[in-house]
Protein chains: 4
Amino acid sequence: MNDLVHRTRRFVRDVVLPSEPRPGGYLSDAERGRLQEAAKEHGVFAPHVPKEYGGAGLTIADWSPVFQEAGYSPIGPAALNCMAPDEGNMYLLENVATDAQKERFLRPLAEGRVRSCFAMTEPHPGAGSDPDALTTTATRVDGGWRIDGTKRFISGAEGAAFAIVMARTDDTGATMLLVDTANPGFRVGGQVHAIDRAIAGGHPYVHFDGCVVADDAVLGAVGEGFRYAQVRLGPARLTHCMRWLGLARRALDIALDRVEHRRIFGSAMKDLGLAQDLVARSVIDIETSDAIITKTANALATDPRAGSALSSVAKVHCSEAVFAVIDRAMQLCGGDGLSDALPLASFMNEVRPFRVYDGSTETHKWAIARRASRARAKAVASGTERRQDEVVEP
Amino acid sequence: MNDLVHRTRRFVRDVVLPSEPRPGGYLSDAERGRLQEAAKEHGVFAPHVPKEYGGAGLTIADWSPVFQEAGYSPIGPAALNCMAPDEGNMYLLENVATDAQKERFLRPLAEGRVRSCFAMTEPHPGAGSDPDALTTTATRVDGGWRIDGTKRFISGAEGAAFAIVMARTDDTGATMLLVDTANPGFRVGGQVHAIDRAIAGGHPYVHFDGCVVADDAVLGAVGEGFRYAQVRLGPARLTHCMRWLGLARRALDIALDRVEHRRIFGSAMKDLGLAQDLVARSVIDIETSDAIITKTANALATDPRAGSALSSVAKVHCSEAVFAVIDRAMQLCGGDGLSDALPLASFMNEVRPFRVYDGSTETHKWAIARRASRARAKAVASGTERRQDEVVEP
Amino acid sequence: MNDLVHRTRRFVRDVVLPSEPRPGGYLSDAERGRLQEAAKEHGVFAPHVPKEYGGAGLTIADWSPVFQEAGYSPIGPAALNCMAPDEGNMYLLENVATDAQKERFLRPLAEGRVRSCFAMTEPHPGAGSDPDALTTTATRVDGGWRIDGTKRFISGAEGAAFAIVMARTDDTGATMLLVDTANPGFRVGGQVHAIDRAIAGGHPYVHFDGCVVADDAVLGAVGEGFRYAQVRLGPARLTHCMRWLGLARRALDIALDRVEHRRIFGSAMKDLGLAQDLVARSVIDIETSDAIITKTANALATDPRAGSALSSVAKVHCSEAVFAVIDRAMQLCGGDGLSDALPLASFMNEVRPFRVYDGSTETHKWAIARRASRARAKAVASGTERRQDEVVEP
Amino acid sequence: MNDLVHRTRRFVRDVVLPSEPRPGGYLSDAERGRLQEAAKEHGVFAPHVPKEYGGAGLTIADWSPVFQEAGYSPIGPAALNCMAPDEGNMYLLENVATDAQKERFLRPLAEGRVRSCFAMTEPHPGAGSDPDALTTTATRVDGGWRIDGTKRFISGAEGAAFAIVMARTDDTGATMLLVDTANPGFRVGGQVHAIDRAIAGGHPYVHFDGCVVADDAVLGAVGEGFRYAQVRLGPARLTHCMRWLGLARRALDIALDRVEHRRIFGSAMKDLGLAQDLVARSVIDIETSDAIITKTANALATDPRAGSALSSVAKVHCSEAVFAVIDRAMQLCGGDGLSDALPLASFMNEVRPFRVYDGSTETHKWAIARRASRARAKAVASGTERRQDEVVEP
């Protein structure tokens with residue numbers, strides 16, 4: 001595995017970095033294809049994909065160092081075909097899809113021949129971070145299902161070959177369905193212009209108007225949609241952390257180069273304590289992020305339920321940390337950090353949404369607190385732990 | 001004065017807001033002209049300008065509420081002709097220029113007929129935040145001066161009618177000169193694409209190649225350039241705080257509207273404590289910013305030297321506070337806060353540079369700490385205060 | 001007024017500081033009496049008390065600089081007789097009591113002859129920060145009232161001459177009553193050992209068991225207790241901010257002396273950026289605290305309702321700021337800051353409770369957010385403001 | 001190993017917690033002895049000590065969960081004989097001492113029969129956090145060494161059987177020596193009253209006045225003192241993190257019990273978002289601390305130099321996190337959190353020094369930044385990495 005980390009590092013630094021678009025620009029499909037071919041030649045393509053589908057077959061506990069190397073460039077994950085949302089979709093398909101579905105959807109996706117999207121979020125008052133508010137429906141029709149509803153912020157939808165769609169199939173349950181984007185009932189709507197640019201296909205609205213699919217479009221079992229969403233979301237949150245942590249390392253490197261060579265008020269910037277404070281806090285953010293990712297990946301590999309809970313902690317810590325590291329790098333680089341003279345300002349716009357996507361910091365904090373309260377109350381109720389808050393008049 | 005505050009508020013909300021460009025867009029010169037005419041009709045134009053030059057004649061202690069109202073829109077200050085860098089240039093000209101210079105440069109600027117720029121910052125290793133590193137020179141020639149050098153990040157230079165240029169005039173001193181941009185020795189160079197868009201004319205490089213000006217181009221006295229820079233910078237820092245604080249109020253209003261109407265997890269967002277935490281911290285940031293601006297403005301009005309020192313404190317506090325308020329508003333508005341569905345993401349890009357421009361947070365902290373140490377050491381040395389850090393073995 | 005500030009400064013530095021007890025110690029009643037006599041001689045006693053009761057007669061807008069000077073020593077406010085809870089009780093009596101009550105209770109209190117307490121907080125599930133949970137009752141009896149209930153954390157109760165008691169007088173209202181502590185129905189209970197030591201009389205439980213008082217014990221009107229609590233609490237919160245801000249200035253002075261004289265790693269500490277960062281953040285905390293206190297005091301003087309709302313903002317900002325300043329001073333003074341070699345560790349224990357007393361930071365944030373939401377919703381509903389959060393599909 | 005963790009947990013909760021002194025109190029030597037006997041009976045004594053000296057023989061990579069369980073009580077580490085400074089001294093002796101020294105010093109220490117101290121820190125201008133300033137000397141005399149100098153903040157010195165002393169042995173080097181406290185040249189001086197109470201023997205001054213020791217008092221090699229200090233300090237820093245993290249878990253449990261049972265403003269506190277925010281941030285602090293400890297312990301086990309560098313990161317993160325967790329628990333518990341009704345206020349006083357001891361947060365940040373700058377500069381100089389901060393005029 002260490003060899004793959006090293007090769008990925010060299011590939012990203014030697015091949016990918018020189019191919020980056022100007023700050024604020026997009027990676028073209030053609031360039032993406034060219035980079036993916038190069039990644040295959042360098043033996044670093046699709047590290048997370050099972051070998052039978054053309055990948056390196058790493059398990060989740062070994063992803064972090066490779067994904068961090070990929071994320072050192074905003075386009076690195078696309079070059080390695082481990083970018084969001086496709087990487088999470090591959091994981092979900094691998095774990096839930098039938099063999100036939102895997103051949104039809106997973107294989108071309110894993111090989112980089114198509115892109116995909118994950119259609120869950122809805123316009124208000126539908127489901128944003130709150131899955132209970134799901135309004136898109138899948139209704140039983142002869143030989144299949146008819147999907148109706150509107151989704152929003154569907155990353156990668158423009159140009160995707162298929163969508164994994166979350167729809168309500170009865171009063172209490174939800175089901176995931178695989179929908180070919182060529183289906184006449186599927187339509188990409190207005191494009192939401194978000195401040196991040198690295199995801200091919202943007203974040204548009206998607207409309208399902210009497211979109212009929214066959215029975216074999218159901219992913220896994222009917223009514224299990226929310227459970228599968230958890231299967232996908234825990235790891236997907238964590239791979240975001242891994243990739244963005246790589247970008248934080250990049251930002252710190254740029255800042256370290258700057259403080260090495262820039263003089264101000266008669267001193268090298270690297271010797272000024274106020275610069276050292278920014279550097280040190282960024283190192284601490286990076287190391288603790290790396291450590292909590294490792295802990296969470298190990299948990300996901302051995303106890304997915306505990307790992308998924310811990311992924312909330314990792315997501316909050318890493319998303320805030322990564323943003324802070326880039327923000328500090330901008331401070332250290334002055335005017336250049338605020339313009340496209342350096343890529344830092346565009347990095348900030350890339351990572352800012354991560355504090356909101358996949359559950360905002362505040363939503364995760366709410367979930368973390370509730371889990372902590374419940375676990376403690378349960379331990380006290382069971383007698384394993386003794387209540388410690390009682391006081392009496394002295 | 002309260003009446004002017006109220007009229008400005010109504011003008012900005014009723015006339016300026018509907019004229020705002022789409023997020024990420026620029027205010028055209030034509031639209032700017034139209035809005036300035038409207039501002040004159042509403043009696044809210046140029047609040048900071050002496051009445052003899054067409055303004056409302058407010059003194060600095062009364063600027064804050066008006067400038068905050070102007071800043072409620074990113075284009076509000078341009079509509080009122082109190083935007084950077086022109087507002088700071090007007091202040092400098094008013095305080096230092098000769099009557100002839102005022103007629104030639106201040107009057108058309110104050111009336112909104114031309115724009116200007118302030119050419120101080122230089123490419124590395126010249127003067128960024130560190131004035132001692134000034135490399136642009138003004139050399140005595142027959143009947144005037146020849147200016148040579150390169151400046152960078154000269155906000156508003158593209159399209160400006162004149163520049164106030166800081167140049168080294170001998171080994172230890174610097175001088176300010178007024179340069180018509182039509183001067184053949186003046187050239188606007190490459191445009192630095194910074195993440196803020198509200199300043200007309202961008203932040204380009206500016207080149208002076210044998211740029212000859214007459215004796216009457218000297219602003220104030222030869223060798224007094226750094227002192228005048230301080231005259232300008234204290235108030236200019238503070239008016240930035242005032243304007244951006246208005247934008248922070250806008251961001252909070254947008255977020256308050258969102259939490260009022262949005263429901264999540266079965267509750268109105270406004271009733272969720274994690275949203276309340278973000279709102280409360282923003283209110284505290286806004287109120288403390290307003291208070292420190294008032295304190296600093298009063299100091300600048302009565303003791304410019306103390307006021308200038310305090311303006312470092314105000315600048316650090318307000319720039320960090322304003323950024324945080326907008327950042328929290330983005331969190332509260334979810335995906336809409338990250339895209340051009342709402343203006344918040346563009347606000348973030350507008351205000352982010354304020355933590356660097358006019359002396360970064362870190363540079364000001366360094367200055368603040370040094371001043372505190374010196375003042376304390378002086379008080380102890382004089383016997384007014386007694387040293388309190390000495391310890392002995394018990 | 002400035003003269004009084006100056007005299008208070010000299011009195012505190014020259015007379016009070018040399019009389020401070022060792023860190024962790026208490027001010028004895030005898031020493032307190034001696035210092036109050038000295039304060040009278042220096043003409044700095046009771047700055048906030050009307051002249052007819054022996055004070056300097058300053059109005060609230062002028063208290064801050066004097067109270068800050070007093071607070072430069074933890075025992076300074078006691079020396080000047082402007083310490084909590086007595087100072088707040090004096091304010092309440094002055095504003096609500098009858099002339100007879102003023103003679104009987106305010107005059108000896110203002111002259112420093114007795115101490116008092118304010119009996120509002122109750123043990124759980126009674127009223128802590130939440131006034132609706134009040135369980136102590138005052139029941140009508142012939143010619144007066146009978147008070148029953150238990151209070152807790154009643155600062156200064158041990159040794160107080162009288163208590164202002166909040167009791168429920170019917171289903172929805174509460175009433176304040178003046179109770180002589182010699183009343184046989186009044187009993188001081190167990191002493192709560194809190195980490196702060198400066199308040200004479202500690203924070204004990206207080207029991208009312210069939211405590212009968214005459215009709216003239218009612219302070220103000222029956223049923224107006226909660227309203228009077230607000231009358232007292234707004235200013236009382238703010239005077240806490242003033243006094244503790246003085247102590248923060250003291251802590252910073254000690255730290256400045258230390259960084260001036262201590263060398264580490266070959267440099268004077270004052271030249272090390274990581275120390276400068278701590279100093280600068282403390283200066284910013286102090287200046288912004290001073291500014292928000294001024295703003296709030298002016299509001300209380302002109303619009304008590306707005307001032308009381310703003311006092312929540314001031315309380316949160318100042319209590320957190322003061323704690324942070326002292327905490328940073330401890331970091332700068334190393335081992336000496338952690339022991340009684342310097343008074344900083346005892347200062348930390350004195351101010352830590354301020355983030356909880358008089359409504360915790362979190363309780364005030366909740367109140368601040370609710371007020372902001374209501375004010376905005378009202379402005380939108382009235383048409384003065386337009387809702388700004390609506391989005392549509394592009 | 002998991003079994004030992006579980007047994008330690010039960011021992012600490014069932015045996016140690018009921019034996020805790022009142023908040024602010026000390027653990028008596030007798031009680032400490034009794035608890036150590038109980039720990040031996042429960043098979044949880046000295047988990048970090050090699051089996052040949054009576055311990056469980058765990059290696060450093062396995063210490064964290066056990067030490068965290070021990071640290072759940074402030075006296076837990078003393079009960080298990082893994083408290084500071086003895087635990088670090090045992091580690092140092094195990095790694096550097098001769099067999100004879102181990103028998104004489106390590107064995108009785110490991111068995112809990114004696115206590116020890118580590119005499120490095122000196123009064124100003126000697127060595128605090130800065131080893132270069134060492135002024136205590138060890139001079140060659142016939143058959144041994146004569147030690148002269150004064151140390152300060154020597155934790156555990158009162159009542160210790162021996163001291164490990166750092167002394168300058170020539171112009172550039174330092175040497176460690178083992179000194180019996182019965183040596184007539186050794187004298188415990190004034191006791192520094194620090195805010196932490198858990199360390200038996202306090203933090204006194206220690207004086208060496210012509211303290212002569214034999215040649216076999218030298219620990220390891222002459223001149224290697226600073227290197228051995230690093231051998232000790234990396235792990236010692238990390239075991240502090242482990243122990244205090246256990247106390248942070250305790251504080252969070254107390255707070256969770258409180259928010260479970262307390263109602264305020266009509267809601268259970270656990271359902272109030274502002275309480276949830278405090279709980280969630282504490283969970284995040286605890287989980288990330290646990291993760292960075294694991295990462296650092298693994299590094300220390302495989303690459304002590306890298307582990308030692310990373311221990312600076314762990315120390316800063318954990319010391320700040322642990323303090324913050326306890327501070328938040330105090331907020332959640334209101335008045336009870338500020339008094340000895342609950343142990344939280346005493347916990348705060350116990351952990352506060354950890355942000356200063358063993359190198360302050362600021363000192364470690366300085367070291368972290370310097371290491372990051374050097375590593376990056378070296379990589380760029382070697383050609384492995386390319387410099388990324390250069391900009392040109394567009």
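User: What rotation relates chain B to chain D, and which residue of chain B has the C-alpha nearest the axis?

Analyst: In this predicted model, chain B can be laid on chain D by a turn of 180 degrees with a shift of 0.0 Å along the axis, and the RMSD is 0.0 Å. This is therefore the relation of a two-fold axis. In chain B, the C-alpha nearest that axis lies 1.7 Å from it and belongs to B:Gly273.

User: How many residues does chain B give to its contact with chain D, and how many of those on the side of chain B are charged?

Analyst: The contact takes 12 residues from chain B and 12 residues from chain D. On the side of chain B that touches chain D, 5 residues are nonpolar and 5 are polar, and the number of charged residues is 2.

User: Which residue of chain B has the C-alpha nearest the axis that relates chain B to chain C?

Analyst: Chain B is superposed on chain C by a rotation of 180 degrees with 0.0 Å of shift along its axis, at an RMSD of 0.0 Å. The same surface serves both copies, as 100% of the contact residues of chain B recur in chain C. In chain B, the C-alpha nearest this axis is 2.5 Å from it and is that of B:Ala291.

User: Which helix of chain B supplies the largest share of the side that touches chain C?

Analyst: The contact takes 43 residues from chain B and 43 residues from chain C. Helix 7 (225–261), helix 8 (273–302), helix 9 (304–337) and helix 11 (361–382) of chain B each supply at least two residues of this side. By class, the side of chain B holds 22 nonpolar, 8 polar and 13 charged residues. The largest share, 13 residues, comes from helix 8 of chain B.

User: Are helix 8 of chain A and helix 12 of chain D roughly parallel or roughly perpendicular to each other?

Analyst: The axes of helix 8 (residues 273–302) of chain A and helix 12 (residues 361–381) of chain D come within 8 Å and cross at roughly 80 degrees. Angles of 65 to 115 degrees count as roughly perpendicular. Helix 8 of chain A and helix 12 of chain D are therefore roughly perpendicular.

User: How many nonpolar residues does the contact of helix 8 of chain A with helix 12 of chain D have?

Analyst: Helix 8 of chain A contributes residues including A:Gly273, A:Val279, A:Val283 and A:Ile284, and helix 12 of chain D contributes residues including D:Trp366, D:Ile368 and D:Ala372. By class, this contact has 3 polar and 2 charged residues, and its nonpolar residues number 8.

User: What span does helix 12 of chain D reach from its first C-alpha to its last?

Analyst: Helix 12 of chain D has 21 residues, and the span expected at 1.5 Å a residue is 30 Å. Its buried residues include D:Trp366, D:Ile368 and D:Arg376, and what covers the buried residues includes helix 8 of chain A and helix 9 (304–332) of chain D. Close to the expected value, helix 12 of chain D reaches 30 Å.

User: Is A:Phe45 buried or exposed?

Analyst: A:Phe45 lies in the loop between helix 2 (29–41) and helix 3 (63–71) of chain A. Leaving aside neighbours within four places in sequence, A:Phe45 is in contact with A:Gln36, A:Ala39, A:Lys40, A:Leu80 and A:Asn81. Because 25 other C-beta atoms lie within 10 Å, A:Phe45 is buried.

User: Is D:Glu224 buried or partly exposed?

Analyst: D:Glu224 is placed in the loop between strand 8 (218–219) and helix 7 (225–261) of chain D. The C-alpha atoms of D:Glu224 and D:Ala174 are separated by 6.2 Å, although these residues are 50 apart along the chain. With 18 other C-beta atoms within 10 Å, D:Glu224 is partly exposed.

User: Near what omega is the cis peptide bond from A:His124 to A:Pro125?

Analyst: Most peptide bonds are trans. A:Pro125 is in the loop between strand 1 (116–119) and strand 2 (137–141) of chain A. The bond from A:His124 to A:Pro125 is cis, with omega near 5 degrees.

User: What phi does A:Phe153 have?

Analyst: Most residues other than glycine have a negative phi. A:Phe153 lies in the loop between strand 3 (144–151) and strand 4 (162–168) of chain A and is buried, with 27 other C-beta atoms within 10 Å. Although A:Phe153 is not a glycine, its phi is positive, at about 60 degrees.

Notes
Residues are numbered from 1 along each chain as its sequence is written. Chains are lettered from A and ligands numbered from 1 in the order in which they are written. This is a predicted model: local features need pLDDT of at least 70, side-chain atom pairs count only at pLDDT 80 or more; totals for chains, interfaces and linings use all residues. Copies are superposed by least squares on the C-alpha atoms of residues with pLDDT of at least 70 in both. Two residues are in contact if their C-beta atoms, placed from the backbone, lie within 7 Å. Helices (H or I, at least four residues) and strands (E, at least two) are DSSP runs, numbered from the N terminus. Ala, Val, Leu, Ile, Met, Phe, Trp, Tyr, Cys and Pro count as nonpolar, Asp, Glu, Lys and Arg as charged, and the others, Gly among them, as polar. Axes are lines fitted to C-alpha atoms, for helices over the stretch in contact, and angles run from 0 to 180 degrees between N-to-C directions. Angles under 35 degrees count as roughly parallel, over 145 as roughly antiparallel, 65 to 115 as roughly perpendicular and the rest as oblique. The expected span of a helix is 1.5 Å times one less than its number of residues. A residue is buried if 20 or more other C-beta atoms lie within 10 Å of its own, exposed if 12 or fewer, and partly exposed in between; C-beta atoms are placed from the backbone.
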